[in-house]
Amino acid sequence: MEQRLSLQHVSANNNDASLGMPHSAYRWSVYAGLLNLLGSLLITTPNRLPASLFDPEAWHASDTLGNACLHDAFDHFAAYLEQLQRTHGSAALTEAACEQTALFIGPPKPTCPPWEGFYAEQHNEVGYGRCALEMLHALQDAHLTIEGSNRQYADHIGIECMYAATLAQRIADAFDHTTEQNSNKHQNTDEEQNTGDVYTSMCTLKAFLADHPCAWIDALYERVQHHAPDAYCAHLLELVRAVLNNPPYDENNIIDEFS
């Protein structure tokens, strides 16, 4: 069945996601929500998003899964949003949007191209190189299509984050399914198969993160830092790097157990 990889705008505060959800599934569902939110922020300028997404208090109150690195990254981003609002007032989101447009979009062309191929393929600016094709194939294999008003190459950092969000949600679903199956005493279950589904889903995400966004986001971040070190995109990418580098793999030590 074809699914949509949409620009879904989710709240920065995911505390309600735990209702009725097992602990492991909840952690991965929160992580998926964070990736999807960040994908939206990366691919859409702030003036086209709900203002509530830029409320510093929402970021301060976000569930960071008990991870100190994520907690610090969220607090830093919230502090930046507070500073942005103090400096620019009601024009804060417009200012951030102008910065993001100059860096990621242009005209005449982006100062800091947000596509993997630019960094992995000797500054390829055509947009249909190896990385874009790999991402297109990954989306097709997952029966995902990109929808929304933004027309971007498939190896855009925002699309890669949203694709990773889809993989993370599948881990949450696998945990949820395993817990549901094992709690049903009247149903024969294969615990090894259920655990294998979780492990396979984790390995798929781990490989994707290593081969794609985590392999080039530092180069993008350094380029943004060079051109606009205090711009909205620099602070956003700092947060994105923290989230990409801190998935909740240690849940039940399942990766260590089966590696």
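Predicted model: local features only at pLDDT ≥ 70, side-chain atom pairs only at ≥ 80, totals over all residues.

I looked up cysteine 161 and found it buried, because its relative accessible area is 0%, where buried means under 20% relative accessible area, exposed over 50% and partly exposed in between, with a 1.4 Å probe and protein chains only. Cysteine 203, at 28% relative accessibility, counts as partly exposed. Residues are numbered from 1 along each chain as its sequence is written, and side-chain values use heavy atoms, with hydrogens and water left out.

I then searched for disulfides (a pair of cysteine sulfur atoms within 2.5 Å) and found zero in the structure. Cysteine 161 is in no disulfide, and its nearest cysteine sulfur, that of cysteine 214, lies 8.8 Å away.

Next I turned to helices, which are DSSP runs of H or I with at least four residues, numbered from the N terminus. The axes of α3 (residues 68-88) and α4 (residues 92-104) come within 8 Å and cross at roughly 110°; axes are lines fitted to C-alpha atoms, for helices over the stretch in contact, and angles run from 0 to 180 degrees between N-to-C directions. That makes α3 roughly perpendicular to α4, a term for angles of 65 to 115 degrees.

Last, I noted that glycine 66 sits in the loop between α2 (56-60) and α3, and that glycine 66 is exposed, with a relative accessible area of 79%. Its C-alpha atom is separated by 9.8 Å from that of proline 248, 182 residues apart along the chain.

Note on methods:
Helix = DSSP H or I, 4+ residues; strand = E, 2+ residues; numbered from the N terminus. Parallel < 35°, antiparallel > 145°, perpendicular 65-115°, else oblique.
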